Amino acid sequence: MSGRDNGGLPPEAGAEWAGWFEYPPSRQPRLIPPIVLAYIGDAVYEVAVRQYLISKPNLKPNQLHHQATGIVSAKAQSRILAVLEPVLTDEEKDVVRQGRNAKSGTIPKNANVLEYRHATAFESLIGYLYYTQRHGRMRELIGMGIEYMEQQRHIK
């Protein structure tokens, strides 16, 4: 480990850092700015989507990329968040609100401001769940989002 006993988690948590790698956050997850949570949340979500796509048979790299962009785009993440909001806890809704209100300075060319803010909120939530070590809940919400997007793809 890195020498820190609980990775910036509150002492009352009493747990060792259990992230994917041995680098715990430098502070408690509630003290990490929403944009920073979105930064790690984006990466975690991208890995989840890639792992999901690779679990499907007979996909070529070009197909993997095309399908991934349909699930990880700001527009898709905004839609996923809208579907997830009714099942979020009050704590998760608070993280989403903070992520939605965070100012990042840039907006991608394929999303409007509202979609981008909602996508940032979704990524902040994923980052928060990752850093609070609520991996089961994180997987549950990501799974619901992927399932929703797959249903939408088959409806078209």
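Mentor: We shall take the overall fold, then the helix packing, and then the salt bridges. Please keep in mind that this is a predicted model.

Trainee: How much of the protein chain is buried?

Mentor: Of the 156 residues in the protein chain, 40% are buried. Among contacts between residues at least 6 apart in sequence, 62% join residues at least 24 apart.

Trainee: How should I describe the packing of helix α1 and helix α6?

Mentor: State the angle and the distance between the axes, and then the residues that touch. Helix α1, residues 34-54, packs against helix α6, residues 135-155, at an angle of about 55°, and their axes are 11 Å apart. That angle makes α1 oblique to α6. The crossing of α1 past α6 is right-handed.

Trainee: Which residues make the contact between α1 and α6?

Mentor: From α1 come Val44, Tyr45, Ala48, Val49 and Tyr52, and from α6 come Met138, Ile142, Ile146 and Glu150. By class, the contact of α1 with α6 has eight nonpolar residues, no polar residues and one charged residue.

Trainee: At what angle do α2 and α6 pack?

Mentor: The angle between α2 and α6 is about 115°, with their axes 10 Å apart. The two helices are therefore roughly perpendicular to each other. α2 also passes α6 in a right-handed crossing. In this contact, Gln67, Gly70 and Ile71 of α2 meet Ile146, Met149, Glu150 and Arg153 of α6. The residues of the contact of α2 with α6 divide into three nonpolar, two polar and two charged.

Trainee: With which residue does glutamate 150 form a salt bridge?

Mentor: Glutamate 150 pairs with lysine 56, and their closest N and O atoms are 3.1 Å apart. Glutamate 150 belongs to helix α6, whereas lysine 56 lies in the loop between α1 and α2, 94 residues apart, so the pair links distant parts of the chain. Glutamate 150 is buried because its relative accessible area, 10%, is under 20%. Lysine 56, at 22%, is partly exposed.

Trainee: How many salt bridges are found in the whole structure?

Mentor: The search finds nine salt bridges. One of them joins glutamate 85 and arginine 100, with the closest N and O atoms 3.9 Å apart. Glutamate 85 sits in the loop between α3 and α4, and arginine 100 in helix α4. Both are partly exposed, glutamate 85 at 28% relative accessibility and arginine 100 with a relative accessible area of 24%.

Trainee: Are glutamate 92 and arginine 137 buried or exposed?

Mentor: Both glutamate 92 and arginine 137 are buried. They form a salt bridge in which the closest N and O atoms are 2.8 Å apart. Glutamate 92 lies in helix α4 and arginine 137 in helix α6, so this pair ties together parts 45 residues apart in sequence. Elsewhere, salt bridges that share partners join Arg30, Asp94 and Arg97 into one network.

Key. Residues are numbered from 1 along each chain as its sequence is written. This is a predicted model: local features need pLDDT of at least 70, side-chain atom pairs count only at pLDDT 80 or more; totals for chains, interfaces and linings use all residues. Side-chain values use heavy atoms; hydrogens and water are left out. Axes are lines fitted to C-alpha atoms, for helices over the stretch in contact, and angles run from 0 to 180 degrees between N-to-C directions. Helices (H or I, at least four residues) and strands (E, at least two) are DSSP runs, numbered from the N terminus. Angles under 35 degrees count as roughly parallel, over 145 as roughly antiparallel, 65 to 115 as roughly perpendicular and the rest as oblique. A crossing is left-handed if the near helix is turned anticlockwise from the far one by less than a right angle, and right-handed if clockwise. Contact means heavy atoms within 4.5 Å. Ala, Val, Leu, Ile, Met, Phe, Trp, Tyr, Cys and Pro count as nonpolar, Asp, Glu, Lys and Arg as charged, and the others, Gly among them, as polar. A salt bridge is a side-chain nitrogen of Lys or Arg within 4 Å of a carboxyl oxygen of Asp or Glu. Buried means under 20% relative accessible area, exposed over 50%, partly exposed in between (1.4 Å probe, protein chains only).
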